[in-house]
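Trainee: I would like to learn how to read a model like this one. Can we go through it feature by feature?

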Amino acid sequence: MTLLRVERLHKSFGGFEAVRDVGFTLEAGERLAIIGPNGAGKSTCFNMIGGQLRPDHGRVLLDGEDITGLPPRAVWRKGVGRTFQIAAAFGSMTVAENVQMALMNHHGRARALFPLARELYREEALALLERVGIRDQAERFCSMLAYGDIKRVELAVALAHDPRLLLMDEPTAGMAPAERHALMRLVSAIVAERGIAVLFTEHDMDVVFAYADRILVINRGRLIAEGPPEKVRADREVQAIYLGSTVESPA
Amino acid sequence: MDPGFFVVQFLNGLATASFLFMASAGLTIVFGVTRIVNFAHGSFYMLGAYLAYTLAGIFMDAAYGAMSFWGAIFLAAVIVGLLGILLELVVLRRIYDAPELFQLLATFAVVLIVQDLVRMTWGGEDLLGPRAPGLKSFVLVAGRRFPEYELAMIFAGPLVLGALWLLFHRTRFGVLVRAATLDREMVGALGVNQALLFTGVLFLGAFLAGLAGALQLPREPANPYMDVNIIVEAFVVTVIGGMGSVTGAFLAALLIGELQAFGILVFPKITLVLAFLVMAVVLIVRPYGLLGRPQAESHGAARAGAGLAAGTPLQRGFWLALLALLLVLPLFADEYSLKLMIELLIFGLFAFSLNFIMGWGGIVSFGHAAYFGLGAYGAALLVHHFAWPMEGALLAAPLVAGTAALVFGALCVRLSGVYLAMLTLAFAQIVYAVAFQWVEFTGGDNGLIGIWPASWAASRTVYYYLTLAVSLAGIGLLWRFLYAPFGYSSRAVRDSAIRADAIGIDPRYQRWLAFTVSGIAAGLGGGLYVFSKGNIDPEVLAIPTSVDALTMVLIGGVETVTGPLAGAALLTLLKDFVMPLTLYWKMVMGVLILGMVLAFPKGLVGILADRLPALQARPAERERPA
Ligand SMILES: Nc1ncnc2c1ncn2[C@@H]1O[C@H](COP(=O)(O)OP(=O)(O)OP(=O)(O)O)[C@@H](O)[C@H]1O
Ligand SMILES: [Mg+2]
């Protein structure tokens, strides 16, 4: 079943075309990776799907429903959870409170005036933290966490409303290689057990080839190759772009 | 009507525009490079006028002829420019990376200090300057007399614009200024000596302000109010033009100048409001002004804000003891102390309401007096014109203020950082101007008198208990909201709007709701205030009231829950004890604010929390790793 269908998505900044007519589909339960050099337009694609950016033209269909140009909160409500390339969390809240905040929204109580927020949905939040492996950090403020742990907080937050689709823009950036694999194994397990789909991007080719069911390659805003890992690995154009080497992730 | 009249009116508008531009150009240049909205720009303007007065007196006594007049003006501007350097070295240099609130308050503190210094030096009287030699007469324009000096000044503005253009395009300094205005990082990367650049820019900005003030002298006497008057107008021009854009400021000055010249014919009653209305409209249509560019995320965004800790038993004990003390206070306090306590409670509520959005929502309101004052005026007008009882008026006060907050807030929360602060200030000034100019309804300058409590609450003790109950209820509710999902949502938006939006929070809507709630609470304080005083006048809506609230929050600690209460208490008591002892209260305030900003930016409660970890249930915040 096609969960996400992206048609001819296009975005330019001023005169600069960051994404040009990119289209693809994503099946339920699938792990799809977008790869491409720095500045290829990966994050711009994520942001157009997630609602952070409005495409110039093109469509985004979630389960057949047109969600193009909806604001992020509306996209979220349709069942899309996401993480950011530069991790975004609430620094003044504890790890548990970050997840609780998402849960409060999920349960429609984010504007309640009287209950004590720190007591709401705490068990649920702790369970999610347990699942992503940072239960022991629950009471620490996000502003004090190691970067890798913030990425995990983001994952827990993104899972809070039981999404159908996860968007993960460089989920393992800033992590040591062992940690990267641990996180991607975790994501794969979650995707499998919940039957959801994930769209992610990565600069670490080991990670990409190990955990993607299918790969999209974009360069200068254009989709240049698509297919299962073996096919993409063998692609001439892709090899030319990467010069046979893996691309280091940006600092 | 006679066409000659329109021509003269048009020329008047041009002359006004010319002055407005000269007074604003420095402000916008300084903002462009340093990102600081410099309230003290008005002080420079005023100093320019006073210095020109003194220098012209000396030179003309020495009888150097026409040169003495123009020499005095130029020298005054240069001296003011040097004072700009002093300001940069002593104050601004330390606060470039501070949050907007600290920058605004610090430069406002300088305004207060300079006001008293000017009064010490030149006295409080209006000082009429000499007329410009050779430009004392009139010319005939379309059969009407038009002053020569005004005519000359019409050309002064474009002349300054031209000179600035040359400076910005033909000198290395100017090119750097332009580059820094576009992108500060880039200049740092070019290896430019940033400190020197900023000092130079302050000289330029202050020089222009001093020049404008000095040139103004032959038109209107130097007086101790001209600083605030001009800074408010210069803000309007700068914001309309787009902060950082000199050409924008020129266009905006033309717009405002002509609007004032002709607006006075069409709407003689709302001349004060007109400029602010235009500014509000421009900001609604173009949030960054005519030629402005969106600012990068405000300074605050990268910092991790304060968190909320659960109360410890020790803290609870403290508050219970304090409550008990407040309850038994009338048993041993005299009339006067009760009056003071009433004021303290009201300002506690007011400051708390401000920090509800500022500290906990990241919305720096520089016009919170509007909601406090609207509550007060709302209640007073209902009593005065419609003979409402106190109870009804007290209920209506928060509703009036809340409605205004709902409307103004909808427009304000679209902006952030300095632009938001300026728009909140603009709305407060609109309300002030209406209260001031709508004499039939509001009593104008004199305000309204005889707004006393109902007979059952007439005794000081009963009114004290009433105030205690109502203000504590207000504070208690806001306090609770902070710990509830509502407050968490506000804080979520403050910490990371992009994350908040990605988990279902509409950042703008949340800011709007918080703004409105805060306005309601401030209005409640205003209602209590007017019945405690028995009268009301537009001062309650003026900038100093907003600054008082900001100062209270600052003293207590922005990133604390109880700081605003401590700050309100301290400032109210300080005012009561110190004000009668000195003629120079503003100087005391200014030094106090400056000292807090530079030495204790965390405020009293913040310091206390750092010193006494036992008070805190959770560890203190650190910077977020990059
Ligand atoms: N808001 C913006 N305004 C102007 N240009 C932008 C904006 N956002 C992105 N760009 C440009 O669009 C291009 C694509 O950016 P994007 O962030 O999508 O790349 P990316 O593939 O995610 O790169 P990276 O691997 O470095 O994260 C880049 O050249 C970038 O400079
Ligand atoms: Mg990217």
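Mentor: Start with one pair. B:Arg93 and B:Glu88 form a salt bridge, with the closest N and O atoms 3.0 Å apart. The term means a side-chain nitrogen of Lys or Arg within 4 Å of a carboxyl oxygen of Asp or Glu. This is a predicted model: local features need pLDDT of at least 70, side-chain atom pairs count only at pLDDT 80 or more, and totals for chains, interfaces and linings use all residues. Residues are numbered from 1 along each chain as its sequence is written, chains are lettered from A and ligands numbered from 1 in the order in which they are written, and side-chain values use heavy atoms, with hydrogens and water left out.

Trainee: Is B:Glu88 buried or exposed?

Mentor: Buried means under 20% relative accessible area, exposed over 50%, partly exposed in between (1.4 Å probe, protein chains only). B:Glu88 is at 0%, so it counts as buried. B:Arg93, at 35%, is partly exposed.

Trainee: Where do B:Lys575 and B:Asp548 lie?

Mentor: Helices (H or I, at least four residues) and strands (E, at least two) are DSSP runs, numbered from the N terminus. B:Lys575 and B:Asp548 form a salt bridge at 2.6 Å between the closest N and O atoms. This pair links distant parts of the chain: B:Lys575 is in helix H23 (residues 563-578) of chain B and B:Asp548 in helix H22 (residues 543-556), 27 residues apart. B:Asp548 is buried at 12%, whereas B:Lys575 is partly exposed at 24%.

Trainee: How many salt bridges are there over all chains?

Mentor: The count comes to 24. Between chain A and chain B it is 3. A:Arg73 and B:Asp506 form a salt bridge, with the closest N and O atoms 3.3 Å apart.

Trainee: How do I read the rest of the interface?

Mentor: Begin with contact, which means heavy atoms within 4.5 Å. Here 39 residues of chain A are in contact with 42 residues of chain B. Next comes buried area: the accessible area (1.4 Å probe) that two parts lose on being put together, summed over both. The two chains bury about 3500 Å² between them, 61% of it on carbon and sulfur atoms.

Trainee: Which residues of chain A does B:Arg499 touch?

Mentor: Among them are A:Phe84, A:Ala88, A:Glu154 and A:Val157. B:Arg499 sits in helix H20 (residues 497-501) of chain B. Its relative accessibility is 1%, so B:Arg499 counts as buried. A polar contact is a pair of N or O atoms within 3.5 Å; within protein, one must be able to donate a hydrogen and the other to accept it, and residues adjacent in sequence count only if both atoms are side-chain atoms. The B:Arg499 side chain reaches the backbone oxygen of A:Ala88 at 2.9 Å.

Trainee: Which protein atoms are donors of the magnesium ion (ligand 2)?

Mentor: Donors are N, O and S atoms within 2.8 Å of the metal (3.2 Å for Na, K and Ca); water is not among the atoms, so sites may look incomplete. The protein donors are A:Ser43 (OG) and A:Gln85 (OE1), lying 1.9 to 2.0 Å from the ion. A:Ser43 lies in helix H1 (residues 42-50) of chain A and A:Gln85 in the loop between S6 and H3, so the pair ties together parts 42 residues apart in sequence. A:Ser43 is partly exposed at 21%. A:Gln85 is partly exposed at 28%.

Definitions and conventions
Lists of a residue's contacts leave out its neighbours within four places in sequence.
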